[in-house]
Amino acid sequence: PSAGLEVCVSPQRVDYMFGIVGVPVIEVAMAAQAAGIRYVGMRNEQAACYAASVIGYLTGRVVSCCPPPPVALADHGAITEAVSVLKAAKRPIVIVGKGAAHGRAENALREFVEMAGLPFLPTPMGKGVLPDDHANCVAAARSRALLQADVVLLLGARLNWILHFGLPPRFDPDVKFIQVDLCPEEMGNNVRPCVALLGDINAVVTQLLECVRKEGWNYPTETEWWSTLKDKITANAKISKALAVQSALPMNYYTVFHHVSQLLPRDCIIVSEGANTMDIGRTMLNNYLPRHRLDAGTFGTMGVGLGFAIAAAVVERTENKGRRVVCVEGDSAFGFSGMEVETMCRYNLPVVIIVVNNNGIYSGVDPGTWREMAKMGDLTSIAPPVSLLPEARYDEIMTAFGGRGFLVRTVEELHSSLQLSLSDWERPSLLNVLIDPSSDRKQQVTVSRQEYTVRL
Ligand SMILES: Cc1ncc(C[n+]2csc(CCOP(=O)(O)OP(=O)(O)O)c2C)c(N)n1
Ligand SMILES: [Mg+2]
């Protein structure tokens, strides 16, 4: 049936192809296999696209197998100007975006941040470019750092919803941005930068580093800004810790992530999606290595997680570095591509899925309330449109296909099931962690509307 079909992949090496199982791509898949390509057949084209989209990011192969593309440097004058803006800053921060991860800027960036003595915070997928436990990381004072910074060095990050569009009430109305990006179309989106550095992130950071080194400048360690940030980090850590050590059942998000973080290996690849699950998980689960976090990203698209995890697990199988892929999913997010569990089982991909199950989207209701509601009338008229079926057995989806499934209600169950899952390299696991359906995030700080209007 595949007569006459040949897959031509030269001169760029293609190692993986993601598609659907069966028609209408049977012949293409067979020809790809015959050409030495691994064909990963998934249950939905959408999930296959998500998987394919992160392969280059994880492996950098597209970059390394072709003739190296030219590296774009920023204008020399603009570099000097950027450094003089940084030198004049009272409350500077560096924001490390996904672009820095993609541009493999980790070494230059570490040297720059350490030499210049600047506080930094990562965007979700910028996590790990520098380790989350680095002394200059102020992620635990994120809201405060964004709100009070007077100069932001933006490295390969979009001023989109994740960064609150760079605008009040989450930023100071007078904040200055030094924007570094490879894409000209990203320059000036939402906020006009005071200096725009167009170029390869790694190259531009190296230029900044050289300039700072030549001028012998660094941001002092004893400043009011550092004290403010450090005090806030301590205060926030206290709040998170207090939530994390609560022993009441059902557990809250912070308790779950606190215990998960104790068991995860430092080099694990963390995939995450959901609303509260992704937001709180980002603050509680550290990354220590670049390109080891994949999440719903710029568009917050639910359904990407399982595809990303499959891609990461397939890459890991080839590269054999002994890294675990851990996929932290909200119960709603999991549902978008849940059938890909079968794909994981079919290929024996040892992904560990943790479903943080709050019976819904942001919040849900408990089984008793749900039963009462059902008695009151037709649930389509009564049920809150954020609710999913309480205590749904997502773990049984995994066991249905031969993987390990765990229903988790307590800290002890969480520890034992996660330990067991992390020691099994033969098949995937799913921990269905039932949490308090009304568990929520702690409060974020903003400029009040009145204060903002007065300052404008
Ligand atoms: C494709 C798509 N559809 C809908 C949404 C809207 N949306 C944002 S978060 C979310 C789910 C959040 O619930 P869950 O994953 O259970 O996380 P929780 O906040 O409950 O922890 C949805 C449906 C989206 N982001 N993407
Ligand atoms: Mg949920």
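Biologist: Where do I start? What domains does the chain have?

Modeller: Keep in mind that the model is predicted. The domain assignment gives domain 1 (1–59), domain 2 (76–230) and domain 3 (246–434).

Biologist: How far apart are the centres of domain 1 and domain 2?

Modeller: Taken over C-alpha atoms, those centres are separated by 39 Å.

Biologist: On to helices. How do α2 and α12 cross?

Modeller: Helix α2 covers residues 45–59 and helix α12 covers residues 305–319. Their axes come within 7 Å and cross at roughly 45 degrees. α2 and α12 are therefore oblique to each other.

Biologist: Is that crossing of α2 and α12 left-handed or right-handed?

Modeller: α2 passes α12 in a right-handed crossing.

Biologist: Which residues touch there, between α2 and α12?

Modeller: From α2 come A47, Y50, A51, S53, V54, I55, L58 and T59. They meet G307, F308, A311, A312, V315 and E319 of α12. By class, the α2 and α12 contact has ten nonpolar residues, three polar and one charged.

Biologist: Next pair. At what angle do α6 and α8 pack?

Modeller: At about 30 degrees, with the axes 9 Å apart. Here α6 is residues 106–116 and α8 is residues 201–215. The angle makes α6 roughly parallel to α8, because angles under 35 degrees count that way. The crossing of α6 and α8 is left-handed.

Biologist: And which residues make the contact of α6 and α8?

Modeller: α6 brings A108, L109, E111, F112, M115 and A116. α8 brings N202, V205, T206, L208, L209, V212 and R213. The contact of α6 with α8 divides into nine nonpolar, two polar and two charged residues.

Biologist: How does α4 cross α8?

Modeller: Helix α4 runs over residues 76–88. Its axis comes within 10 Å of the α8 axis, and the two cross at roughly 60 degrees. That makes α4 oblique to α8. α4 passes α8 in a right-handed crossing.

Biologist: Who meets whom between α4 and α8? Which residues are they?

Modeller: I79, T80, A82, V83 and K87 sit on the α4 side. On the α8 side are V204, Q207, L208, C211, V212 and E215. The classes in the contact of α4 with α8 are seven nonpolar, two polar and two charged. L208 and V212 of α8 are also listed in the contact with α6.

Biologist: Change of topic. What coordinates the magnesium ion (ligand 2)?

Modeller: D331 through OD, N358 through OD1 and G360 through O, at 2.0 to 2.1 Å. Along the chain, the donors follow the spacing D-x26-N-x1-G.

Biologist: Which elements hold D331 and G360?

Modeller: D331 lies in helix α13 (residues 331–336), and G360 lies in strand β12 (residues 360–361). So the pair ties together parts that are 29 residues apart in sequence.

Biologist: Now the backbone. Is the peptide bond from V23 to P24 cis or trans?

Modeller: The bond from V23 to P24 is cis, with omega near 5 degrees. P24 is in the loop between β1 (16–20) and α1 (26–34).

Biologist: And what joins L249 and P250?

Modeller: A cis peptide bond, with omega about -5 degrees. P250 lies in the loop between α9 (224–244) and α10 (253–263).

Biologist: Last one. What is phi of R291?

Modeller: Phi of R291 is near 60 degrees. That is a positive value in a residue other than glycine.

Biologist: Where does R291 lie?

Modeller: R291 is in the loop between α11 (276–284) and β9 (293–295).

Terms used
Residues are numbered from 1 along each chain as its sequence is written. Chains are lettered from A and ligands numbered from 1 in the order in which they are written. This is a predicted model: local features need pLDDT of at least 70, side-chain atom pairs count only at pLDDT 80 or more; totals for chains, interfaces and linings use all residues. Side-chain values use heavy atoms; hydrogens and water are left out. Axes are lines fitted to C-alpha atoms, for helices over the stretch in contact, and angles run from 0 to 180 degrees between N-to-C directions. Helices (H or I, at least four residues) and strands (E, at least two) are DSSP runs, numbered from the N terminus. Angles under 35 degrees count as roughly parallel, over 145 as roughly antiparallel, 65 to 115 as roughly perpendicular and the rest as oblique. A crossing is left-handed if the near helix is turned anticlockwise from the far one by less than a right angle, and right-handed if clockwise. Contact means heavy atoms within 4.5 Å. Ala, Val, Leu, Ile, Met, Phe, Trp, Tyr, Cys and Pro count as nonpolar, Asp, Glu, Lys and Arg as charged, and the others, Gly among them, as polar. Domain bounds come from an automatic or database domain assignment. Donors are N, O and S atoms within 2.8 Å of the metal (3.2 Å for Na, K and Ca); water is not among the atoms, so sites may look incomplete.
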